[in-house]
Amino acid sequence: MDAIKEFIFSYDLHLLFRMIVACVCGFVIGYERKNRAKDAGIRTHCIVAVASAMMMIVSKYGFNDMIESIEFLNADVRLDPSRMAQGIVTGVGFLGSGLIFHQRGSTQGLTTAAGIWATSGIGMAIGSGMYFIGIAATIVILLLQIYLHGKHKFMTQHKARTL
């Protein structure tokens with residue numbers, strides 16, 4: 001009995017580790033956004049990453065007890081963890097839409113909304129156990145944010161010529 005409790009405890013610690021890794025990735029992206037004085041900073045990105053990781057963990061592993069009891073009854077039950085991922089993407093998309101403002105021909109908050117959406121994807125990847133993909137996406141997004149925030153010739157807006 002003690003071996004079973006020890007296994008369950010170590011398993012739960014592994015799932016907690018997934019949420020912590022997601023939080024660190026959210027922190028890194030949020031820190032960069034905070035330094036640019038953007039609306040969604042460290043706390044927002046951390047919460048989105050951790051919550052997405054937790055939802056994926058629940059989606060993948062939260063129903064194991066139900067599956068075992070149904071298998072005992074020889075019933076045919078299928079679970080689809082991707083349904084939770086779809087719900088997260090939709091919900092975070094709705095959250096991100098509240099960050100986008102359009103005033104006087106200018107759109108603001110689009111990058112912040114995209115960052116929130118990407119952070120949820122990172123949380124889902126890590127929550128699913130795909131550490132490499134989640135961490136790699138964090139690094140790519142961070143490097144893109146830093147590099148593309150600079151002034152580069154190819155990013156200057158060209159005005160259309162009128163005849």
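Glutamate 32 is buried in this predicted model, its relative accessible area being 6%, and salt bridges with shared partners tie Glu32, Arg33 and Arg36 together as one network.

**Salt bridges**
- Over the whole structure, a search finds two salt bridges.
- One of them brings together the side chains of glutamate 32 and arginine 33, at 3.5 Å from N to O, and arginine 33 counts as buried because its relative accessibility of 3% falls under 20%.
- The side chain of glutamate 32 also meets that of arginine 36 in a salt bridge, at 2.8 Å from N to O, while arginine 36 is partly exposed, with a relative accessible area of 29%.

**Largest pocket**
- The largest pocket holds about 270 Å³ of space, and its lining is made up of 16 residues, among which Arg33, Lys38, Gly109, Thr111 and Thr112 lie nearest the centre.
- Strand S2 (106-108), helix H5 (110-127) and helix H6 (131-148) are the elements that give two or more residues to this lining.
- By residue class, the lining of the largest pocket divides into seven polar, six nonpolar and three charged residues.

**Nonpolar surface patch**
- Leu13, Leu16, Ile20 and Val24 form a nonpolar patch on the surface, and together they have about 330 Å² of accessible area.
- Of these residues, leucine 13 is found in helix H1 (residues 2-35), and leucine 13 is partly exposed, with a relative accessible area of 41%.

Definitions and conventions. Residues are numbered from 1 along each chain as its sequence is written. This is a predicted model: local features need pLDDT of at least 70, side-chain atom pairs count only at pLDDT 80 or more; totals for chains, interfaces and linings use all residues. Side-chain values use heavy atoms; hydrogens and water are left out. On a 1 Å grid over the protein atoms alone, a cavity is a set of points where a 1.4 Å probe fits but cannot get out, and a pocket is an open set with protein on both sides within 12 Å along at least five of seven lines; lining residues have an atom within 4 Å of a point. Grid points are joined across faces, edges and corners, and a volume is the space filled by probe spheres set on the points. Helices (H or I, at least four residues) and strands (E, at least two) are DSSP runs, numbered from the N terminus. Ala, Val, Leu, Ile, Met, Phe, Trp, Tyr, Cys and Pro count as nonpolar, Asp, Glu, Lys and Arg as charged, and the others, Gly among them, as polar. Patches are made of residues with over 30% relative accessible area and no salt bridge: like charges are joined within 9 Å, nonpolar side chains (Val, Leu, Ile, Met, Phe, Trp, Tyr) within 5 Å. Accessible areas come from the Shrake-Rupley method with a 1.4 Å probe; for residues, only the protein chains shown count as cover. A salt bridge is a side-chain nitrogen of Lys or Arg within 4 Å of a carboxyl oxygen of Asp or Glu. Buried means under 20% relative accessible area, exposed over 50%, partly exposed in between (1.4 Å probe, protein chains only).
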